[in-house]
Amino acid sequence: MAVLCAGCCEAARAQVAPPTILEIDIENFVAYYYDVPDASKRATDPNATTAVLGRNFAPSVLIADIVAVNGKPAKGAFVYHALTLNLRTAPAAGQGIADTVRNNINNQAFEILKSDGTPIGTIMTSGMGVGTAPPGAPLAVTQGNNAIVGGTGAFLGARGQAGLAVQTAAARLASTTEDPANRRRFGGGKARFTLHVIPMSRPEILVNSSGPSVVHANDFTLVTAAKPATAGELLILYATGLGPTLPAVDPGKPFTASPQQIVNSPVDVTVNGRPAEVLYAGGFPGAVDGYHVSFRLPSGTVAGEVSLQLTSAFIPGPEVKIAVK
């Protein structure tokens, strides 16, 4: 029975996509507190300021720069709108009594761009700040309890959970009288958020009865055991789920031959875990959610059956096997 159970579990696991973990690094993290009632005075002070904090119920907006995703350089904005609650099981005067420890209720937006400024997509979360991570959160999460409630661009329809992993420098607390145009000049905190993302779709290399849809670029014949690829060879794979393109097409409409639609997210191909050079990734003319990706098999790839994996917008797809001689 134990052996049968283990076999069933393995079969079930094989049908579930592995979790996608995004580690998002931010810098110049500043919390602007609404400490002046006169709106005409906000964002007017050219100097660095210090927030005037009340006992509780203080609204604030936090702004930071996204600088890396999963260790790769990136750009973007992180915006965090919060209301202080200071929930405590044994509160001091001014704190809120509760059965849990949380500092605030908040909404977050991670607007992620490639390092060249090309937009990839935005992930939105909602929840409570500080306190322990929720059950089942990625082990790297040290605090916070936020649900991913949706996304745009490459993250359209995403779900999941998010929290703070590491804060190497605390956010700078400023007044909303401070001009946020000077945020980078005055500096702020540094942190890493860890997101467990459940995407609506993921990149997948097409597979048919003859095997993975990977062809030799010189004659467009299928890579098979009878006609294997060679190290250093240029190959083309066909896939789904690579997301939006530049220029865009309306949802549900086919890609065109001219102009070409280039995938606007970072696209990576790995061979036995080694990165391959990606030369092109774009929509396949006439297809809806169909793409072709040109890549060069790494030199030194060992002969035999190798694993090929496609990643788009930091979201990995399932591995397929191709033959190499």
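A residue is described here as buried when its relative accessible area is under 20%, as exposed when that area is over 50%, and as partly exposed in between (1.4 Å probe, protein chains only). The structure is a predicted model, in which local features need pLDDT of at least 70 and side-chain atom pairs count only at pLDDT 80 or more, while totals for chains, interfaces and linings use all residues. Residues are numbered from 1 along each chain as its sequence is written, and side-chain values use heavy atoms, with hydrogens and water left out.

Rings of Phe, Tyr and Trp (its six-membered ring) are taken to pair if their centres lie within 6.5 Å, with planes under 30 degrees apart counting as stacked, over 60 as edge-to-face and the rest as tilted. By this rule there are 7 aromatic pairs. In one of them, F78 and F110, the ring centres lie 4.6 Å apart and the planes stand at 35 degrees, so the pair is tilted. This pair links distant parts of the chain, since F78 belongs to strand β4 (residues 75-88) and F110 to strand β6 (residues 102-113), 32 residues apart; strands are DSSP runs (E, at least two residues), numbered from the N terminus. With a relative accessible area of 0%, F78 is buried, and F110, at 0% relative accessibility, also counts as buried.

The rings of F110 and F193 have centres 5.6 Å apart and planes at 70 degrees, so this pair is edge-to-face. Here F110 in strand β6 is joined to F193 in strand β11 (residues 189-198), 83 residues apart, and both F110 and F193 are buried. Ring pairs link F29, F78, Y80, F110 and F193 into a cluster.

Terms used: Helices (H or I, at least four residues) and strands (E, at least two) are DSSP runs, numbered from the N terminus.
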